[in-house]
Amino acid sequence: MRGDGTLRSLRIGDRELVLEKGDITRHKADAIGNAANSRLAGGGGVDGAIHRAGGPAIMAECRKIGGCPTGQAVVTTAGNLPARYVIHAVGPVWRGGGAGEDELLASAYRSTLERADAHGVETLALPSISTGVYGFPLERAAPIALRTVAEHLKKGKTSLRRVTFVLFNDETMAAYEKALGKLAAGG
Ligand code: APR
């Protein structure tokens with residue numbers, strides 16, 4: 001814990017939850033998460049960056065799968081990326097907070113973690129789902145994201161050894177550092 005109550009990594013048994021600033025398409029992990037839309041149609045933000053860097057093999061598989069409901073995730077190849085899989089999660093669009101957004105966001109992360117386990121993934125990188133184009137407030141999304149991953153890493157049965165949130169800018173990094181500090185303090 002730093003003096004201001006923020007934190008960059010948390011050990012959970014022999015597993016680890018880490019925060020890192022950067023571009024997820026450059027991150028080396030068994031799998032990386034994507035913040036996709038329910039048509040799996042590609043778009044801007046991290047989705048656009050993943051398809052650009054990974055090449056057309058990812059979209060070809062997305063087309064075959066056809067779509068994914070909000071709160072769920074599907075797995076494709078990672079194409080040219082330095083990962084084996086991309087796990088495309090569909091987070092909720094922010095509609096003011098009364099439309100089940102919190103639970104749908106947690107569910108998108110849970111589904112991603114379950115898919116990772118099903119593929120024997122040991123190292124997973126995740127973006128901050130829904131906090132870009134979809135407008136989910138960062139200060140509310142960060143604790144949900146971290147709590148959901150921490151709960152999963154506490155489970156006896158998971159292939160995951162390290163989950164790293166790869167956060168694109170200072171604002172997002174600061175919100176997650178603050179939320180991880182609170183989580184570690186039991187909040
Ligand atoms: N690496 C890591 N994070 C990134 C990157 C990157 N290369 N590029 C953008 N981000 C961050 C954004 O800064 C934001 O914090 O990803 C987070 C999620 O933002 P979006 O990508 O806009 O995702 P989301 O809010 O879930 O909206 C999904 O956006 O482009 C579309 O197809 C996508 O329709 C879907 C919608």
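Helices (H or I, at least four residues) and strands (E, at least two) are DSSP runs, numbered from the N terminus. The model on your screen is predicted, so local features need pLDDT of at least 70 and side-chain atom pairs count only at pLDDT 80 or more, while totals for chains, interfaces and linings use all residues. Residues are numbered from 1 along each chain as its sequence is written, and side-chain values use heavy atoms, with hydrogens and water left out.

**First stop.** Select Ala35, Gly45, Val46, Ser128 and Gly132: of the 29 residues lining the largest pocket, these lie nearest its centre. A pocket here is an open set of points on a 1 Å grid over the protein atoms alone, where a 1.4 Å probe fits, with protein on both sides within 12 Å along at least five of seven lines; lining residues have an atom within 4 Å of a point. The space inside is about 630 Å³, a volume being what is filled by probe spheres set on points joined across faces, edges and corners.

Now colour strand S3 (31-36), helix H1 (45-54), strand S7 (162-167) and helix H5 (170-184), each of which gives at least two residues to this lining. H1 has the largest share, with four. Colouring by class shows 13 nonpolar, 13 polar and three charged residues; Ala, Val, Leu, Ile, Met, Phe, Trp, Tyr, Cys and Pro count as nonpolar, Asp, Glu, Lys and Arg as charged, and the others, Gly among them, as polar.

**Second stop.** Move on to the second largest pocket, of about 150 Å³. Select Glu139, Pro143, Lys178, Ala179 and Lys182, the closest to its centre among 10 lining residues. Helix H4 (138-153) and H5 each contribute two or more, and H5 provides the largest share, five. This lining divides into five nonpolar, one polar and four charged residues.
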